[in-house]
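Subject: Structure handover

Hello,

Here is the structure you were waiting for. My notes on it follow below.

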Amino acid sequence: MNTSFWIHHFQTNAAVHDQLLFEEPSSLPESIREPLVHSLAIFQLGESGGGTRLRRYAREVAPLENFRGYQRAIDLFVCEEQAHARLLGRLVDHLKGSLLQKQWTNSIFRRLRFLVNLEFAIQVLLTAELVAEVYYGSLYLRVPDAAVKAACRQILRDEMKHLEFQRQFLAERVATFTPVGRYLWRCQFQVIHALTTRVVAWDHRQCLKALGMSFSGFVQRCRESQERFQARLDERVQNLDAAPSAFEVAEPGRSKVQVPR
Ligand SMILES: [Fe+2]
Ligand SMILES: [Fe+2]
């Protein structure tokens, strides 16, 4: 995994969020503002958090050669998510809403994330980011407000990069699984993603309705997003499978030495 690319990316991207200013007062009709600001407050809560356990899990892979620098990249990734929380907090304030301290879907999501191991934590995080891609993209297209568009465009840009960051990590890990392990991993990812999208679509139904999106339309777009991600993940795993020379070092006169991925 090219962790130095990600460290550089997160470092150079760090300043943009706090520079986004919301100067024009919002003129959104109340029928949109009220459900929208509640929905944004839920996402704001989801973006916040110290990432303590994620950082701890990242230490597990730190000794592996191909994850050198991953811990630093995760630290910067967590900082970027916290920048999203600050940005959304300012947006909620701009739209005259209130921030939330606790919310049931967010609590379930946080507990679920740390049930198993690092791969699972990243996978649950990834599931949320795949849903977020559709959510912020829909808001960007459908909410007639400059501040909402500016914030969603920036977060969407970042989340697209996060998807690539998680894809590179998972590809390295999935490539070490047996064919049966890969199949099972794929099945459980699809099931968890499908359940999550339905819970999110139901939880944010008032906002989606105010923006003219149906429950099934949102779920369908999320499914397409997951399928695109899975196809790119499969492609990357195949590339890793097809490049054994990167993981096997042959020295003249000696048998090949396996280098851990
Ligand atoms: Fe985020
Ligand atoms: Fe993210």
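A word on terms before the metal site: a donor is an N, O or S atom within 2.8 Å of the metal (3.2 Å for Na, K and Ca), and water is not among the atoms, so sites may look incomplete. With that in place, Glu81 bridges the iron ion (ligand 1) and the iron ion (ligand 2), and these two ions lie 3.4 Å apart.

Some conventions. This is a predicted model, in which local features need pLDDT of at least 70 and side-chain atom pairs count only at pLDDT 80 or more, while totals for chains, interfaces and linings use all residues. Residues are numbered from 1 along each chain as its sequence is written, chains are lettered from A and ligands numbered from 1 in the order in which they are written, and side-chain values use heavy atoms, with hydrogens and water left out.

The iron site

Glu81 and His84 sit three residues apart in helix 5 (residues 70-94), which is about one turn of the helix. Helices (H or I, at least four residues) and strands (E, at least two) are DSSP runs, numbered from the N terminus. Both Glu81 and His84 are buried. Buried means under 20% relative accessible area, exposed means over 50%, and partly exposed lies in between (1.4 Å probe, protein chains only).

The chain as a whole

The protein chain has eleven helices and two strands, in the order α-α-α-α-α-α-α-α-α-α-α-β-β. Its radius of gyration is 20 Å, close to the 18 Å that the globule rule gives for 261 residues, so the chain is as compact as a globular protein of that length. That radius is taken over C-alpha atoms, and the rule is 2.2 Å times the number of residues to the power 0.38. The C-alpha trace spans about 75 × 35 × 30 Å along its principal axes.

Of the 261 residues, 48% are buried. Among contacts with a separation of 6 or more, 80% are between residues 24 or more positions apart; contact means heavy atoms within 4.5 Å. The accessible surface is about 13300 Å², and carbon and sulfur atoms hold 55% of it. Those areas come from the Shrake-Rupley method with a 1.4 Å probe, and for residues only the protein chains shown count as cover.

As for charge, there are 34 positive and 28 negative side chains, and the centres of the two sets lie 3 Å apart. Lys and Arg count as positive and Asp and Glu as negative, with His and the chain ends not counted. Each charge is placed at NZ of Lys, CZ of Arg, CG of Asp or CD of Glu.

Asp158 lies in helix 8 and is buried, with a relative accessible area of 2%. Leaving aside neighbours within four places in sequence, Asp158 is in contact with Asn13, His17, Glu80 and His84. The C-alpha atoms of Asp158 and His84 are separated by 9.1 Å, with the two residues 74 apart along the chain.

Gln154 is also in helix 8 (residues 146-174), and at 9% relative accessibility it counts as buried. Beyond residues up to four places away in sequence, Gln154 touches Asn13, Val16, His17 and Leu20.

Asn13 belongs to the loop between helix 1 (3-12) and helix 2 (16-19) and is buried at 13% relative accessible area.

Ser39 lies in helix 3 and counts as buried at 2% relative accessibility. Leaving aside neighbours within four places in sequence, Ser39 is in contact with Tyr135, His204 and Cys207. Ser31 is found in helix 3 (residues 30-47) too, but is exposed, with a relative accessible area of 54%.

Lys96 is in the loop between helix 5 and helix 6 (104-113) and is exposed at 68% relative accessibility. The phi of Lys96 is near 60°, a positive value in a residue other than glycine. Most residues other than glycine have a negative phi.

Regards
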